[in-house]
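Student: Could we take a close look at a single part of this model, one step after another?

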Amino acid sequence: MKNIFSRFGSLALVLLLGGSCLAEIPTKTAEVKGLESEVLVRRDARSIPYIKAGNLKDLYFGQGFETARDRLWQMDLMRRVARGRLAELFGKAVLEEDKRWRRFGFSEIAAESAKNLNPKLKLALESYARGVNAYISSVKSEDLPVEFQILKYEPEPWTAADTIVIGKILADALSTTWWLDFERVRQKKLPTEKFRAITNVTTPADVVLFGKDARLSKSRKAGVATLTDEMYAVIEREKEIRKSSLSKIGLYANNLAASNNWVISGKKTIDGNAILANDPHLRPSAPGIWYLTHLSAPNMRVAGVTFPGVPGIVLGHNENIAWGATNVGPDVQDVYLEEFNERNEYKTTKGWKKAKVRKEIIRYRLNPILPETNEEELEVLETSNGVVFRDYEGKKVSLKWTALDPDNQEFEAFIQLNDAKDWKGFRRALRGYGGATQNFVYADTKGNIGWQVAGKIPIRRKGDGSEPYKGDSSDGDWIGYISLDDLPSLYNPDNGFIVTANQRIAGTDYKYSQVTRQYAGPWRARRIFDLIKANPKISVNDVRDIQHDVFNIPLASFAREIVRRQAGSPEVLSELKGWDGKMTADSSGAVLANSINTCVGNEIARENPGVSGWRIRQFVLPFDIPSKRKLWIPSKYKGSWSAFLSKCSNKSYEKLMQREENGADPSKWRWGTANRANFLHPLARVPLIGARFKVDFTNVDGNGQVPNVGAAVSMRLIATPAAWDLTHHVIPLGQSGASDSPHWKDQFESWRTGKRALFPFTPNAVKAAAKTKTKLLPEGSVTRSGT
């Protein structure tokens, strides 16, 4: 296909896009206050904006204007979440969510960050904000997105700090690990052998990219905290509040396990050129969290996705390089047990010190359909360690977190990446990255590939932050950050490819253990790695197939063990014996295998406080059952995996038979129904009005242990540096945030099936793909041109 495109250029692209000619498109014009010069906006069949301007100010202005046209209410919702102002719309039902955000004080932190911006970022944020506000000013109240009308309010002006505060949501979604500190405390109550087993980080299935695994022994030394059942309940409640809040905006990532990416060098591809693939995994939402955009100005041309409310491109490519990202999950949060006296002073290494007191006024609606509000005052305490956010056993718990430092900028690096030209420029851009730590992968037009971990990861005076610190000790002091040069990295590895899928990326011999505090099971990374390794000459279609692969390594093995052991009724064994191990939407075997697996994992977790069912399913069952290790078998089964599996097999089968949606015929069970893809809009469940926002499907393949994680795939990118116009980039639903728009969910089938969704890049290809064309002109331009 590359050779065809090289010979016939734009004509080949027109045919690929289903066109037949390059007919001239009528140009609309619109005067917009605040522009310095003309901005040209083309839109293609998916309504992706291709924004062209004569300078960067007008380019980002145009991006803000066009993004607000499609996603204004979503943008407003996100800033309200991060600022703790959602109760102004939804009332007391979300008051605890607002309190949680207010304790962090992100509004003040964002305002402080906005005072000290890098010049390039300052220009981008301020120009973008002016564009958003120009759009708001151009729209009558009755023409605002319907959500504003339903909730009876109008958007406030956008500011640079609003973009910055969205970055704090990303930090919360992708770097919150503080409860693991308490979980480790709870795990120390386990018998020694179980403690060593559950804290062992290595498995035979690992895909480690940097360093090697050395034998480690986990210490059971007593810490500074104990964990009562009451405190555990408080932690679980805090996690639920966080989940509810982030889910409203499509940014909840369970266990921080979010995304696949990989890069393949020309030595392993069919045409000798590099390929980059990326699919981030986040909570499905309507509209989705990503927005496709193409930007061009003198000396810059870049395309990909960004978050509504954020200028530039976050993940995508320019003329020289492509980049993608997955979450790493390091420890960038520490909790401190603070001792307070009756005078509101807290104990430090130098004696008692007065706590900083911050008053937050939170307004909330008395009636969700009426704009009138009441207010409640929240008092927030801050120590030198951090913000106090919970009480614990007569002490107060404070939180130190990289996101609470105004100097850590989430978006500066992306503005720099947008015009990076090579590996050196790519790494230079990442030196300033202050957001949630990511595995950034790289591919360029010269065939080079690379991987760089980037983010601000603290170095403690003592320890690695895996347990709570005493507030009056200096042990937990942060004495610096790990430098980019000391963070894991690869460039043109000998095997010709690099895979990250939130797995543990660094071996145990790596000196900074806090880099891999929370990570996913190895299964997605292992499956992707094995598929690439087995194919000596990979094509773009192969990469697409890997993105959509649904073979479940651990669950298929689990099902085989049940059959081998005859651990279930004849009906159970028959169903599992006929299952191919794939999590396809029409699979009945997937429903049963997953149900039994969940039963086994949860029963073990109930007997072992501090150990989650998720961890048992990811790291224990796939290895202990085949090896016949009996450590985790509940005592009532007397060391027999077969008895344990039989009980859960038959119990799960009977439960499924009794469910109304399943029916009594197992052949009619469907994984797509059991694992329904629900793209939730915040108003979808509101009586009478919610139906228009409801988006759910039962035909989506996948789950969290396979490359295709299903509805959580928030976008799919396959970048082809040798022929940018053949880049595939798709989001789950559509560009528009309006439920009555033809572009509300028009990309769904391409996203679901892998049908090519080309994202043209070069000037001629963009012209060929355009369906509409609009010129945004400085105010008064039409009048002046007519005189």
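Which order do the strands of the open sheet of five strands have, and with what pairing?

Tutor: This is a predicted model, in which local features need pLDDT of at least 70 and side-chain atom pairs count only at pLDDT 80 or more, while totals for chains, interfaces and linings use all residues. Residues are numbered from 1 along each chain as its sequence is written, and side-chain values use heavy atoms, with hydrogens and water left out.

The open sheet has the strand order S23-S4-S5-S26-S27, and its pairing is antiparallel; here strands are DSSP runs of E with at least two residues, and helices are runs of H or I with at least four, numbered from the N terminus, and two strands pair if DSSP finds at least two bridges between them. At the edges stand strand S23 (497–500) and strand S27 (728–730), each with a single partner strand, so one side of each is left without a neighbour in the sheet. From one strand to the next, the twist averages 5°, where angles run from 0 to 180 degrees between N-to-C directions, and axes are lines fitted to C-alpha atoms, for helices over the stretch in contact.

Strand S5 (residues 275–279) and strand S26 (residues 716–719) run antiparallel and are joined by three bridges, and asparagine 278 stands opposite leucine 717 in S26. Helix H15 (residues 523–534) packs on the sheet, where it touches strand S4 (260–264) and S23, contact meaning heavy atoms within 4.5 Å; the direction of H15 makes about 160° with that of S23.
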